[in-house]
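Dear colleague,

I am handing over the structure we spoke about, with the sequence alongside it. My notes on what was found follow directly below it.

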Amino acid sequence: MSSNDEGLTGRGRVTVFAMFGTVFGYANHHLDERRIGDVAVIGPLTPGVEWPRLWQMARSCGRPAARDTELAQWILIQATRAFLCGSDRIAQFREQGWKLEPGGKRASFETTYANRDHLWTGNLTVDGLSPGQVAERPSRYRA
């Protein structure tokens, strides 16, 4: 696990989904032009929610003794579920701009997990979303 001291800007597929009342974005990033070594980029879009909330959710919903790698897998599987199944999906874009702010947390998986080698979390913005799309949503579940 490491801290993300640099921001990152990208353009590509983005899934916007709600989980426990918070709206998150899920994008992917390639480390080089070969388009391998995929990075999952996930962060909150709801105003006032910071990236540690995502890790708190993973800790609340995961095994009590889970280590950061397992928590990172939980985070990635929630985003993958929203992308593949459409559960709690708010929007899906084929080609959309996004920005990951400096700060956050990075995790590398020991082996490829859900087609990703890395997870980078942080505060995220996605171009073109309306305030209604990123607003906090009522949830009967709490993490």
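Leaving aside its neighbours within four places in sequence, M19 is in contact with F24, L54, M57, W74 and Q78; please keep in mind that this comes from a predicted model. M19 also belongs to the largest nonpolar core, a set of 22 residues in which M19, I42, I75 and L119 touch the most other members. Several elements contribute to this core, with at least two residues each from β2 (8-19), β3 (22-29), β4 (39-44), α1 (52-61), α2 (68-85) and β6 (105-113), and the largest share, seven residues, is supplied by α2. Apart from this core lies another one, made up of 16 residues, and among them are V16, A27, V41 and W120. As general background, nonpolar side chains in soluble globular proteins tend to be buried together.

Turning to the chain as a whole, the protein chain contains three helices and eight strands, and their order from the N terminus on is β-β-β-β-α-α-β-β-β-β-α. Among the contacts with a separation of 6 or more in the protein chain, 70% are between residues 24 or more positions apart.

With best regards

How values were computed
Residues numbered from 1 in each chain as written. Predicted model: local features only at pLDDT ≥ 70, side-chain atom pairs only at ≥ 80, totals over all residues. Heavy atoms only, no water. Helix = DSSP H or I, 4+ residues; strand = E, 2+ residues; numbered from the N terminus. Contact = heavy atoms within 4.5 Å. Core = buried A, V, L, I, M, F, W, Y, C linked by side-chain atoms within 4.5 Å. Buried < 20%, exposed > 50% of the residue type's maximum accessible area, 1.4 Å probe, protein only.
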